[in-house]
Amino acid sequence: MRALVVVGLLAVIALVFVVVAVVRDSQGKAGTAAGCPEGWPLADLTLRERKDVKINVLNATDQPGLARTVADEFSNRQFQVKKTATEKKQVAGVAVLRYGPKGVGSAHLLQAYFLNNAVPGYDEKRTDDTVDVVLGNGFQQLATTTEVNQSLGDSGPPTAPKGSCPSPPAK
């Protein structure tokens, strides 16, 4: 009889601890924009699959047809190429990636295709999730799958650009 009382008492204590833990749980609030300054955009840090990444490929070199060639390579790698065009002003480096808050994760993936040598061009006012890939005079070729995977591993997870906050994860 005494053993039943002790086991019953332990069960009641355990139940109280579980209820307190559930009520005071703060993990449900993790990853929200709480504490984000008023008016700051929420950056989507989701690392998307290639088939879900939308890009525009722009040629900022004096090489005719480069945008179309690279766009075909991206299409063959399952990216959604929306348009190709020629940029008026030339770019000296490898590439510039222009994107807004909704394209942060996509730009992070694309950065790996340039071995983290593309210049980020974050624009907080941009409202779409498309990334403009502006090819520069330093561009030679896209990275191989192995190089992309290694580059992604080296760079770590996407981070919110300065002046933005991470958006809460999708449920």
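1. Let's start with the lining of the second largest pocket, which splits into 7 nonpolar, 4 polar and 1 charged residues. Here Ala, Val, Leu, Ile, Met, Phe, Trp, Tyr, Cys and Pro count as nonpolar, Asp, Glu, Lys and Arg as charged, and the others, Gly among them, as polar. Among the residues of this lining are Tyr113, Phe114, Leu115 and Glu147. The space in this pocket comes to about 160 Å³. A pocket is an open set of points on a 1 Å grid over the protein atoms alone, where a 1.4 Å probe fits, with protein on both sides within 12 Å along at least five of seven lines; lining residues have an atom within 4 Å of a point. The volume is the space filled by probe spheres set on the points, which are joined across faces, edges and corners.

2. A word on what you're looking at: this is a predicted model, where local features need pLDDT of at least 70 and side-chain atom pairs count only at pLDDT 80 or more, while totals for chains, interfaces and linings use all residues. Residues are numbered from 1 along each chain as its sequence is written, and side-chain values use heavy atoms, with hydrogens and water left out.

3. Now the largest pocket, with about 230 Å³ of space. It has 13 lining residues, and Tyr99, Val104, His108, Gln111 and Thr159 are the closest to its centre. Which elements give two or more residues to this lining? They are E4 and H3, and H3 gives the most, with 4 residues. (Helices, H or I of at least four residues, and strands, E of at least two, are DSSP runs numbered from the N terminus.) By class, the lining has 8 nonpolar, 5 polar and no charged residues.

4. Keep your eye on H3, residues 104-113. This helix is mostly covered, with 10 of its 10 residues buried; buried means under 20% relative accessible area, exposed over 50%, and partly exposed in between, with a 1.4 Å probe and protein chains only. His108 and Gln111 are among those buried residues. Just after H3, Leu115 has a positive phi of about 50 degrees.

5. What does H3 lie across? The answer is E2, E4, E5 and E6, and H3 runs at about 165 degrees to E4. Helix H2 (residues 66-76) lies across E2, E3 and E6, at about 155 degrees to E2. Axes are lines fitted to C-alpha atoms, for helices over the stretch in contact, and angles run from 0 to 180 degrees between N-to-C directions.

6. The sheet itself is open, with 5 strands in the order E3-E2-E6-E4-E5 and mixed pairing. From one strand to the next, the twist averages 20 degrees. E4 and E6 pair in the antiparallel sense over 4 bridges; strands pair if DSSP finds at least two bridges between them.

7. Arg98 is worth a click. It lies in E4, and its bridge partner in E6 is Asp132. Is Arg98 buried or partly exposed? It counts as partly exposed because its relative accessibility is 28%.

8. Beyond neighbours within four places in sequence, Ser151 is in contact (heavy atoms within 4.5 Å) with Ala112, Leu115 and Asn116.
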